[in-house]
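User: I would like to learn how to read the features of a structure that is new to me. Could you take me through them one at a time?

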Amino acid sequence: MQTQSQTVSCPKCGSTDAKPVTFTWWGGVLGPRLFSLVKCNSCGTEYNGRTGKPNQQNMIIYLVISLVIMFCVCGGLSFLGTMLNQH
Ligand SMILES: [Zn+2]
């Protein structure tokens, strides 16, 4: 029985020579870990090391989720603010 390599091949150039990404501008240190993000050493493409899908989709999902969370937090805070101001 053959064990599969941890990293799937690059969706762009097919290389399996990729290293894990530890930090991104869009997800900080948490985003890349959530999506097991790796970066191809041959062409520099960032993709999901487990599924081989391009990073863009994950990035958008992550950004949308962060925005929703931020919106909820800000909404909650302003709601608290108006509540406190009323008294
Ligand atoms: Zn590549």
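User: Are tryptophan 26 and phenylalanine 35 buried or exposed?

Analyst: Buried means under 20% relative accessible area, exposed over 50%, and partly exposed in between, with a 1.4 Å probe and protein chains only. Here both tryptophan 26 and phenylalanine 35 are buried; phenylalanine 35 counts as buried because its relative accessibility is 15%. Please keep in mind that this is a predicted model, in which local features need pLDDT of at least 70 and side-chain atom pairs count only at pLDDT 80 or more, while totals for chains, interfaces and linings use all residues. Residues are numbered from 1 along each chain as its sequence is written, and side-chain values use heavy atoms, with hydrogens and water left out.

User: How many aromatic pairs are there, and how do I read them?

Analyst: A pair of aromatic rings is described by the distance of the centres and the angle of the planes. Rings of Phe, Tyr and Trp (its six-membered ring) pair if their centres lie within 6.5 Å, and planes under 30 degrees apart count as stacked, over 60 as edge-to-face and the rest as tilted. By this rule there are three aromatic pairs. One of them, between tryptophan 26 and phenylalanine 35, is tilted, with 6.2 Å from centre to centre and 40 degrees between the planes. The rings of phenylalanine 35 and tyrosine 62 also have centres 6.2 Å apart, but their planes stand at 80 degrees, so this pair is edge-to-face. Ring pairs join Trp26, Phe35 and Tyr62 into a cluster.

User: Which residues make up the largest nonpolar core?

Analyst: In soluble globular proteins, nonpolar side chains tend to be buried together. A nonpolar core is a set of buried Ala, Val, Leu, Ile, Met, Phe, Trp, Tyr and Cys residues joined through side-chain atoms within 4.5 Å. In this model the largest one has six residues, namely Val21, Trp26, Phe35, Leu37, Met59 and Tyr62. A second, separate core of five residues includes Cys10, Val38, Cys40 and Tyr47.

User: Which residues are the protein donors of the zinc ion?

Analyst: Donors are N, O and S atoms within 2.8 Å of the metal (3.2 Å for Na, K and Ca), and since water is not among the atoms, sites may look incomplete. The zinc ion has Cys10 (SG), Cys13 (SG), Cys40 (SG) and Cys43 (SG) as its protein donors, lying 2.3 Å from it. In sequence these donor residues follow the spacing C-x2-C-x26-C-x2-C. Both cysteine 10 and cysteine 40 are buried.
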